Amino acid sequence: MSRYWSDIVHRLVPYVPGEQPALAKPVKLNTNENPYPPSPRVLDAIRAELGEHAESLRRYPDPIAKRLRATVAAHHGLRADQVFVGNGSDEVLAHAFQALLKHDLPILFPDISYSFYPTYARLYDVQYRTVPLDAAFAIRIEDYAQPNGGVIFPNPNAPTGHALPLAQIEKLVAANANSVVIVDEAYVDFGAESAIALIDRYPNLLVVHTTSKSRSLAGMRVGFAFGHADLIDALNRVKDSFNSYPLDRLAQAAAVAAYEDVEWLRSTREHVMASRARLTASLAALGFEVVPSAANFVFARHPAHDAAAIGAKLREQEIFVRHFNAPRIDQHLRITIGTDDECDTLVAALKRIVK
Ligand SMILES: Cc1ncc(COP(=O)(O)O)c(C=O)c1O
């Protein structure tokens, strides 16, 4: 503990990102990246930015990412003033905590959820209360009928993969008209219903998306928030008090191309969903209990084997999965859906471990 640290730094509990192993060919199923590359059109757009438009790199990028926002707005049937862009959805979420969730009452989020939420709450001094998921890891919306300064949850939830139906989300948003409800849809393209359809009817709804998962652009750091123009305005006020140019030129060009290639999204996400069904069946055959998943990962436990021990044995074989040492889930492993070959390597290793 350094005497030069500010008070708040002493109190922070930073998020611990999944390991990025420096190995030639790890089977990397620990951070929910896409096993497939981005659309070839993304690579063309980046090359063009570095080739014919390279001269422009000496200039700052568009601070409001106008072309990208217009492209993504059109894709979702929204207006550009209903779209905010940030450096990965983590940055978008951080701004939302500061801009929209910091009030007198505590905010609510599930006890098992994205572990960045408590980190942001501490960073921005936002009071929070966690609400237990039910025994099947589902959100019970009636449990959120209590005074709050805001509500946030991922849908599908992370790390469980469980999806909440849109009708339930609408009830929750309608019942909380006095606070902002944030639906973090990082994994929505892998099988859940998006709440974007509700935006025009609910001025208190903010939906957060990312290009890191279904569009294979985790390395580019591009995330979005969609909502009423007043909510977007609040995010822009924070952004312009923090970093006016959160997205560089390459990221903006890449993300536009990723949204234009709808067919690439369709085919890669179908591959991932088919592999998810295959992996789920293989894990079940080995005796694992697998939470039904609408995301690009599965959450599984083996009744006879300790999850951390399984994770450690996999790691010795350069296979990486994610274990959370947290209440209720310390016997589970979160496993990203890889290619079928990667999933087969995992299953073969698990077979030796649980035999
Ligand atoms: C639920 C959830 N939200 C947001 C993110 C952040 O994604 P990114 O910052 O890459 O857009 C993640 C990443 O794993 C996530 O799991």
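Which side chain has an N or O atom 2.7 Å from an oxygen atom of the ligand? I started my notebook with that, and I found Y187. A reminder to myself before going on: this is a predicted model.

**Entry 1: around the ligand**

I listed the residues around the ligand and got 14, with S89, D184, Y187, T210 and S212 coming nearest. Then I looked at polar atoms. S89 uses its backbone here: one of its backbone N or O atoms lies 2.7 Å from a ligand oxygen. K213 brings a polar side-chain atom to 3.0 Å from an oxygen atom of the ligand. I also looked up how covered the ligand is: taken alone it exposes 400 Å², and the protein buries 93% of that.

**Entry 2: N32, in touch with Y187**

The side chains of N32 and Y187 make a polar contact at 3.0 Å. N32 sits in the loop between β1 and α2 (40–50). Is N32 buried or exposed? I put it down as buried, because its relative accessible area is 0%, and buried means under 20%. Leaving out residues up to four places away in sequence, N32 touches Y187, K213, N296, F297, R334 and T336.

**Entry 3: N155, another asparagine in a loop**

I turned to N155, which I found in the loop between β5 (151–154) and α6 (166–175). N155 counts as buried too, at 1% relative accessibility. What does the side chain of N155 reach at 2.6 Å? I traced it to the backbone nitrogen of L164. Beyond four places in sequence, the residues N155 touches include H162, A163, I169, V183 and D184. I had already written D184 down among the residues that come nearest to the ligand.

**Entry 4: out to the surface**

For my last entry I went looking on the outside. Y4, W5, V9, L12 and L123 form a nonpolar surface patch there, and together they have about 480 Å² of accessible area. L12 lies in the loop between α1 (7–11) and β1 (27–28). I noted L12 as partly exposed, because its relative accessible area is 30%, which falls between the 20% and 50% limits.

Conventions
Residues are numbered from 1 along each chain as its sequence is written. This is a predicted model: local features need pLDDT of at least 70, side-chain atom pairs count only at pLDDT 80 or more; totals for chains, interfaces and linings use all residues. Side-chain values use heavy atoms; hydrogens and water are left out. Patches are made of residues with over 30% relative accessible area and no salt bridge: like charges are joined within 9 Å, nonpolar side chains (Val, Leu, Ile, Met, Phe, Trp, Tyr) within 5 Å. Accessible areas come from the Shrake-Rupley method with a 1.4 Å probe; for residues, only the protein chains shown count as cover. A salt bridge is a side-chain nitrogen of Lys or Arg within 4 Å of a carboxyl oxygen of Asp or Glu. Helices (H or I, at least four residues) and strands (E, at least two) are DSSP runs, numbered from the N terminus. Buried means under 20% relative accessible area, exposed over 50%, partly exposed in between (1.4 Å probe, protein chains only). A polar contact is a pair of N or O atoms within 3.5 Å; within protein, one must be able to donate a hydrogen and the other to accept it, and residues adjacent in sequence count only if both atoms are side-chain atoms. Contact means heavy atoms within 4.5 Å. A residue is near a molecule or strand if one of its heavy atoms lies within 4 Å of it.
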